[in-house]
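Take a look at the model below. We will begin at the ligand and then move to one helix.

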Amino acid sequence: MTERVLITGAAGRIGTMLRPRLAREGRTLRLLDREPIGAPSAAEETVLGDVTDLPALIAAADGCDAIVHLGGIAGEDTWDAISAINIQGTYSVFEAARAAGVPRVIFASSNHAVGFVPRTSAPVSPTEFFAPDTYYGVSKVAGEALASLYADRYGIDALCLRIGSCFDEPSNTRMLSTWLSPDDCGRLVEAALTTPDPGFAVVWGISANTRAWFDLGPGRALGFDPQDDAEKYAPDLIARDGDPDLTVLPHSHVGGDFCSPALDAPLPT
Ligand code: 15L
């Protein structure tokens, strides 16, 4: 039997990283994005669609064993945009899972759900109470709340991955703590797809960084075994930017520059 995994936002940065890393014998990846996706492999299907379009999502989820929900705005934006795309979109994904009988949803949450947690709380637990740093962070809190609801009420396995900074390489000294390598991202999502009967879970998505701010224990308990460490980039980044001053942004709080007053929303007119 073919296992079929729907990936929303599959044309985005993390979706593009994950495609080759989630390829397995007997698995088909169904790639949904509102942008066309070029060059699908023989084990990939493409669907042009938007995460806010519930009927399209229900059709895309048909016959799937899991949904990896990456689609949405990947940083701060207006309340109208964040609520319409990230919050409504995540609600639609869970509704589509329920309507199509998909037993597992993996939600790409973010460190910005707890961005205002001071780094002196490190290692921050995935059960740390919410402290979103932006409307974007609020959308991740809402997504985690929806995951909890759909797990408890409808029995859907719902795993929230609080991703740190998923890039090819760490590009600043904050990412020495928050980096998630592309290969470790693949390992994290694979663990979330295959761990038996997780129910509702929230885990951190970072590599095995020497300077990690987040507790990897609950993720490891689900089978996530990160292999990379941002520390090998430390000499070059510190030579360029200096030693991290842990008392000021972007190092004093989990969310880094997302906590800065520069991101204050304009007053309503
Ligand atoms: C995120 O959630 C963003 O999507 C990404 O662009 C980075 O800003 C990352 O967090 C981070 O905190 O480094």
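An oxygen atom of the ligand sits 2.7 Å from a polar backbone atom of Ala 74. That is a polar contact (a pair of N or O atoms within 3.5 Å). His 112 uses its side chain: one of its N or O atoms is 2.7 Å from an oxygen atom of the ligand. Arg 174 places a polar side-chain atom 3.0 Å from a ligand oxygen atom. On its own, the ligand has 320 Å² of accessible area, and the protein covers 84% of this. Such areas come from the Shrake-Rupley method with a 1.4 Å probe. Other residues surround the ligand too, including Tyr 136 and Phe 258; each has a heavy atom within 4 Å of the ligand.

This is a predicted model: local features need pLDDT of at least 70, side-chain atom pairs count only at pLDDT 80 or more, and totals for chains, interfaces and linings use all residues. Residues are numbered from 1 along each chain as its sequence is written, and side-chain values use heavy atoms, leaving out hydrogens and water.

Now turn to helix 3. Helices here are DSSP runs of H or I, at least four residues, numbered from the N terminus. Why should helix 3 (residues 79-100) span 32 Å? Its 22 residues count at 1.5 Å a residue, and the expected span is 1.5 Å times one less than the number of residues. The end C-alpha atoms are 30 Å apart, which agrees.

Helix 3 has a kink of about 30°, centred on Gly 89. Gly 89 is also among the buried residues of helix 3, where buried means under 20% relative accessible area (1.4 Å probe, protein chains only). After helix 3 comes Gly 101, with a positive phi near 70°.

Methods: Helices (H or I, at least four residues) and strands (E, at least two) are DSSP runs, numbered from the N terminus. The bend at a residue is the angle between axes fitted to the seven residues ending there and the seven starting there. Buried means under 20% relative accessible area, exposed over 50%, partly exposed in between (1.4 Å probe, protein chains only). A polar contact is a pair of N or O atoms within 3.5 Å; within protein, one must be able to donate a hydrogen and the other to accept it, and residues adjacent in sequence count only if both atoms are side-chain atoms.
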